[in-house]
Amino acid sequence: MQERLLIVSNRLPVNISKRQGELVYSKSAGGLATGLASFYKNYDSRWIGWPGYITESKLEKMRITDDLHKDATVPVFLTRRDIENYYEGFSNRTIWPLFHYFPEFVAYNPSYWDTYRRVNSRFAEQIIDIAQPNDIIWVHDYHLMLLPALLRQALPSVSIGFFLHIPFPSYEVFRTLPWRNELMHGLLGADLVGFHTHDYARHFLSAASRLLGLEHSLMRLTYEERMVKADSFPMGIDFDKFNHAGSSKSVRREMTRMQNRIGDRQLILSIDRLDYSKGILQRLEAFNLFLQRHPKYREKVTLLLLVVPSRSRVDSYRQLKLQVDTHVGRINGEHGTIGWSPIWYLYRSTPFPTLSAMYNVADVALITPYRDGMNLVAKEFVASKTNGRGVLILSEMAGAAAELSESLLINPNNIEEIANAIRIALQMPQEEQAKRLTEMQSKISRYNVTRWALDFIDGLKQIKTLNSRLRSNRLTTQIEAEIIDHFHAGSNRILFLDYDGTLVPFAKTPAQAKPPQTLLDLLKRLSESDNCQVVINSGRKKEELDQWFSYLPLDMSAEHGAWIKKRGGEWETIQPMTDEWKTELLPLLELYVARTPGAFIEDKSYSLVWHYRKAEVGLGQTRSRELLNELRYLTANLNLQVMEGNKVIEIKTSGINKGRTAVAFLMQAKKPDFIFAVGDDHTDEDLFRALPPEAYTIKVGYHMTAARFSVKNPEAVRSLLEKLSK
Ligand code: GDG
């Protein structure tokens with residue numbers, strides 16, 4: 001069956017209107033549609049979304065559905081009320097201002113939320129109706145953040161990707177939203193959650209950790225027995241389209257017209273949708289300040305302000321429109337002369353040839369958003385330049401700033417700095433302009449919109465492969481039965497059992513860590529079975545293991561293999577060891593305890609452990625990274641290894657690990673014909689790797705592992721051991 005790609009976005013790339021009783025369709029090819037164009041050939045694709053047309057007529061809906069079907073698009077019909085509460089309401093009055101750090105504009109309205117949920121479900125129903133198990137579903141943007149989880153529930157095996165086109169705010173801002181957890185669960189239904197920048201991805205992972213306690217490694221986290229990856233994919237543009245546009249007749253004609261009007265004045269260009277996040281007002285203030293400071297530029301420069309109408313039914317946007325009108329009027333009134341208006345103000349959308357001519361003709365682009373997910377206008381301006389002239393002034397708060405570091409980067413709140421950047425841009429020598437443009441063009445031509453889309457789909461496929469591998473590792477009832485049979489048939493059996501996180505859940509307090517009686521009974525039955533050697537294989541101190549297990553006929557290995565004790569014997573080390581190094585490292589660990597409330601040190605005979613499970617989540621992680629760096633540097637020439645465990649950093653003599661100790665046990669055992677090992681963290685990986693391939697190695701938790709099989713939790717381990725003990 002051919003793989004299919006289902007694109008889902010709030011709006012379909014089509015506009016529908018009614019003229020003289022007839023439905024009229026016009027394609028709107030935005031950046032996204034262009035970027036995905038190449039996929040349409042490779043996949044049997046569909047695009048699902050709202051067609052931008054409200055109708056209650058069943059007949060008309062059927063007609064539109066049929067018409068759109070020819071273009072492989074599937075409409076989701078919304079009512080006027082849906083649009084008010086879901087689109088204008090929750091999407092644009094709640095999420096948009098919050099995610100752009102405008103808390104003063106955020107509406108916390110439960111009925112907006114209800115409709116948002118309902119509309120996301122409506123999208124889900126429509127998709128579930130047409131989806132097939134091998135489909136790749138790519139959901140776009142903040143209007144549909146609940147959709148991935150709704151789809152995952154109904155279609156567990158499909159690949160689901162989500163891309164957020166706006167910033168993901170820092171946890172401190174995101175946490176203010178009453179429905180923050182629901183949004184996180186919604187997004188985590190995806191396999192891959194993509195953002196424009198690494199910072200947004202970081203914020204998302206931090207919210208997952210703070211709100212849901214989900215820890216990540218390599219930008220991946222385990223959620224509901226699946227791996228979810230967050231990553232950055234800076235959206236590109238159709239570079240060639242903008243770069244070559246200047247040679248088309250229609251664009252040349254527009255350019256000549258514009259140049260005739262401008263004469264020898266310099267042109268500064270500003271293009272955005274009307275939106276408070278774009279920083280239009282303070283941009284005007286900066287231009288005003290520039291004219292006040294540099295009167296010699298009067299009549300020598302013009303600011304072409306193209307403001308594209310947007311969301312005009314939302315109050316904050318209506319108010320902004322009035323403010324922009326007033327500002328423009330004031331500045332033109334204050335500085336203008338007969339025959340010269342400092343600002344040419346257009347409040348409308350322009351056709352592509354005019355837009356392209358503006359990019360071509362302008363000397364400077366002035367782009368100063370307070371926050372912007374990416375900002376494609378900045379890239380389009382740079383791509384359009386073919387004569388080595390043109391300077392980009394760009395807000396450091398735009399996602400694009402991460403790539404366009406050769407622009408004049410400004411802080412949008414610093415009017416002085418923007419005014420100054422305008423002067424620098426207007427006076428920049430041509431060679432420098434050309435140099436900066438070339439650097440930026442080489443980046444945005446390489447990572448264009450097609451590459452961006454390919455990269456995202458590739459990422460999605462990789463995580464899908466990883467998830468299928470993880471799934472195939474899971475311990476099935478069939479393999480469980482094989483293990484039980486093999487165990488009963490064995491005549492020399494050895495079991496390596498890790499303790500914390502394996503036989504009992506990971507405990508927060510010492511009292512919780514104590515083995516329950518049922519577990520002790522189980523271990524007793526197992527270790528008393530004929531020819532069955534049970535080794536408790538833990539990182540804990542030997543004294544603790546003694547206290548809990550010494551009355552049982554067990555073998556024990558403490559401190560990750562530093563000490564071993566055979567049944568009925570004494571504790572011994574498997575190689576000569578020293579602890580002299582401890583005095584050198586203790587002060588550093590103590591410093592990190594002082595700097596990290598909740599952290600503490602465990603002093604074992606041949607190792608030191610810095611624990612941070614009781615520290616505040618983010619702080620613990622940050623400090624552990626710092627400490628790890630310092631330790632790696634300090635121990636470089638010592639015979640020590642620094643290991644990361646579950647919320648711990650452990651320093652101990654090199655070469656000692658659970659794997660090495662297991663091999664020592666095996667060498668002393670009578671040719672075992674059944675080897676079993678189970679563990680949950682990094683330290684158990686050494687054990688899995690050291691055992692022969694026929695050993696039954698089991699990882700607790702669905703993570704990447706060297707073990708042959710995985711089980712969900714300690715309960716599953718205990719249930720399997722119970723079956724062995726019968
Ligand atoms: C969101 C995020 C992120 C503008 N005016 C006209 C016109 N445009 C085109 C531009 C550009 C697009 O619209 C605007 O894209 P931006 O990226 O600048 O901004 P948003 O609309 O806010 O987009 C943003 C983006 O999603 C993509 O992920 O970069 O951060 O907020 O392509 O060329 N096109 C025409 N006439 C106009 O008057 N033809």
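A salt bridge here is a side-chain nitrogen of Lys or Arg within 4 Å of a carboxyl oxygen of Asp or Glu. Keep that cut-off in mind for our opening pair. Arginine 595 and glutamate 626 form a salt bridge, with the closest N and O atoms 3.6 Å apart. That value is within 4 Å, so the pair counts. One caution before I go on: this is a predicted model.

Where do arginine 595 and glutamate 626 sit? Arginine 595 is in the loop between helix H22 (582-594) and strand E23 (600-603). Glutamate 626 is in helix H23, residues 617-634. They are 31 residues apart, and the pair links distant parts of the chain. Arginine 595 is partly exposed, at a relative accessible area of 34%. Glutamate 626 is partly exposed too, at 26% relative accessibility.

How many salt bridges does the structure hold? The count is 48. I'll take two further pairs.

Next, aspartate 135 with arginine 4. The closest N and O atoms of this salt bridge are 2.8 Å apart. Aspartate 135 lies in the loop between helix H4 (110-130) and strand E6 (136-140). Arginine 4 lies in the segment before strand E1 (5-11). The separation is 131 residues. Buried or exposed? Both aspartate 135 and arginine 4 are buried.

Now glutamate 88 with arginine 313. The closest N and O atoms of this salt bridge are 2.7 Å apart. Glutamate 88 is in helix H3 (residues 80-99), and arginine 313 is in the loop between strand E13 (301-308) and helix H12 (315-335), so the bridge ties together parts 225 residues apart in sequence. Glutamate 88 has 9% relative accessibility and counts as buried. Arginine 313, at 42%, counts as partly exposed.

In one, salt bridges link Arg63, Asp67 and Lys70.

On to a sheet. Eight strands make an open sheet with mixed pairing. The order is E22-E21-E20-E19-E18-E27-E28-E29. Which strands are at the edges? They are strand E22 (571-573) and strand E29 (709-711), each pairing on one side only. From one strand to the next, the twist averages 20°.

Look inside that sheet at strand E27 (residues 674-679) and strand E28 (residues 696-700). They pair in the parallel sense, over four bridges. Alanine 677 stands opposite threonine 697 in E28. Helix H25 (residues 682-690) packs on the sheet. Helix H25 touches strand E18 (493-497), strand E19 (532-537), E27 and E28. The direction of helix H25 makes about 160° with that of E27.

Technical notes:
Residues numbered from 1 in each chain as written. Predicted model: local features only at pLDDT ≥ 70, side-chain atom pairs only at ≥ 80, totals over all residues. Heavy atoms only, no water. Helix = DSSP H or I, 4+ residues; strand = E, 2+ residues; numbered from the N terminus. Buried < 20%, exposed > 50% of the residue type's maximum accessible area, 1.4 Å probe, protein only. Pairing = 2+ DSSP bridges. Axes fitted to C-alpha atoms, helices over the stretch in contact; angles between N-to-C directions. Contact = heavy atoms within 4.5 Å.
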